[in-house]
Amino acid sequence: MGHGKMFLFLICLLAGTMSTVMGEDPYVFYTWNVTYGTLSPLGVPQQVILINGQFPGPQINCSSNNNIVVNVFNKLDEPLLFTWSGVQHRKNSWMDGTLGAQCPIPPGTNFTYRFQIKDQIGTFFYYPTTSMHRAVGGYGIIRVFSRLLIPVPYPDPEDEFNVLIGDWYTKKHATLLKLLDSGRSIGRPAGVIINGKTAKGDGSDEPLFTMKPGKTYKYRICNAGSKNSLNFRIQGHGMKLVETEGSHVVQNIYNSLDVHVGQCFTVLVTADQAPKDYYLVASTRFTKTILTGKGIVRYENGKGSASPEIPEAPVGIAWSINQFRSFRWNLTASAARPNPQGSYKYGQIEITRTIILVGSSSKVQGKNRYALNGVSHIDGDTPFKLAEYFGVANKVFKYNIISDEPPANLDSLTIQPNVINITYRTFVEIIIENHGKSMQSYNLDGYSFFAVATEPGRWAPEKRKNYNLLDAVSRHTIQVFPNCWAAIMLTFDNCGMWNLRSELAENHYLGQQLYVSVLSPERSLRDEYNLQNATMLCGIVKDMPMPPPYNS
């Protein structure tokens, strides 16, 4: 076992309690105590959400196929759920941590998440999906390493650094929630933070990371914010992009990266500059007022402060669209499995269904609401997945209240649960249009998809000639620029109840989301796991007898 591989194995071993059950993949155990605390991310004391006293929360370290067990003690004064953004939960939407799939953890109780990170590698992050909790913390990095025998298309780094960037509000989450519930917007954030803070720049800042001259380091970067796309750069250093949301990519070097809300990138950075301090910089994109967060990276034994001349961010949407087009799937590299990524010829699969979604906003009874195809989603007391499993879906929601094309009038919104059926193992094309003036960013749970195109204007069938059908990146988020459209393609081969949502906190909370129900045609364990005995029950299914389990 090489030095680097041994290093990665020890990281996984030491991160949590690790054990192996005979015949199974290794287990990694975590215990989380979720509490409120007072910190000053932007220099102003405020209430934040801590996990084991930390913000950002503890990292999850594991290898592909590890089983993760997280015992969450909710010590807040309101219900809580965590989602594991990018983790596909094969056959196991029971653990996805969304209100359509799970009952929230009541205050003063605990719940144990159990899931396998099956056939995945890469950089992801977790966060709370309830209320406006994510806006005040509770998030952290998930690092999934390749198995020891699977080659990685770059040398082992000297070390790895987590970089969680995001815009930040200085209001309590309860205050933000009251604004939304009263029909108003949460407005602009107060600033931008990197790993829970921002550098003052007065010489008193401690470094976030330290690098040895001449060595190469892996930076895992995620935008865990609530509203704004951010441009990330490292003063004086190029970044070699190697992985995006579970896919190895063609290794281009970038001076800066646009990281949209919910997105993650992994880059390699070589300490090849004069030994001193340098700024990490994250600044808002596509906003009239530019907010900037900074952090220090220090060279070991270096002398000299970081230059006050911050590298400028790019301007305009065209630059960002061109950068998106430069991201390419590494066809010859392995990912979680030994076969090359490019052995999956997605561009040769026949499309069986096209769904066109348009995000919109309007006022309903004087209050702001956001929607997809004219339906503004609301959650109920009974998670939709539980309603399906117990055979009472018709008492909780109606399927397919939206069609595969948007209505002519998008100003008239309907507020109700938005759940669509997609047939198991069909290959579907989804178009998302943004007719507004603000950025949108969407995430699909349970899957990765091929982000084949984004262009200005409205989509039409002839636009397919511009699709990248060879080496588009397989990922789980997609940005949609103002007055633009984006196209994604995927096979719906993972049974469950999966959330397609806006990653923007305000849009998501006020209805810009839907659920995709992918049902096993045979109610078979080959397609989906049974409800776990320890799963929380709520709503109308709470006291119902358990239905017959799926067949083997």
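Contact here means heavy atoms within 4.5 Å. The model shown in every view is predicted.

**View 1. Surroundings of Trp32.**
With neighbours within four places in sequence left aside, Trp32 is in contact with Ile51, Asn52, Pro58, Ile60, Val70, Asn71, Val72, Phe73, Phe82, Trp84 and Tyr126. Trp32 also belongs to the largest nonpolar core and is one of its residues with the most contacts inside that core.

**View 2. The largest nonpolar core and a second one.**
The largest nonpolar core holds 46 residues. Besides Trp32, the residues with the most contacts inside this core are Val70, Val72, Phe82, Trp84, Tyr113 and Ile142.

**View 3. Fold and dimensions of the protein chain.**
Five helices and 34 strands make up the secondary structure of the protein chain. Its radius of gyration is 22 Å, close to the 24 Å from the globule rule for 552 residues, so the chain is as compact as a globular protein of that length. The C-alpha trace spans about 70 × 60 × 50 Å along its principal axes. Of the contacts between residues at least 6 apart in sequence, 77% join residues at least 24 apart.

**View 4. Burial, surface and charge.**
Of the 552 residues in the protein chain, 59% are buried. The chain exposes about 21,700 Å², and carbon and sulfur atoms supply 52% of this area. There are 51 positive and 43 negative side chains in the protein chain. The centres of these two sets lie 2 Å apart.

Key:
Residues are numbered from 1 along each chain as its sequence is written. This is a predicted model: local features need pLDDT of at least 70, side-chain atom pairs count only at pLDDT 80 or more; totals for chains, interfaces and linings use all residues. Side-chain values use heavy atoms; hydrogens and water are left out. A nonpolar core is a set of buried Ala, Val, Leu, Ile, Met, Phe, Trp, Tyr and Cys residues joined through side-chain atoms within 4.5 Å. Buried means under 20% relative accessible area, exposed over 50%, partly exposed in between (1.4 Å probe, protein chains only). Helices (H or I, at least four residues) and strands (E, at least two) are DSSP runs, numbered from the N terminus. The radius of gyration is taken over C-alpha atoms; the globule rule is 2.2 Å times the number of residues to the power 0.38. Accessible areas come from the Shrake-Rupley method with a 1.4 Å probe; for residues, only the protein chains shown count as cover. Lys and Arg count as positive and Asp and Glu as negative; His and the chain ends are not counted. The place of a charge is taken as NZ of Lys, CZ of Arg, CG of Asp or CD of Glu.
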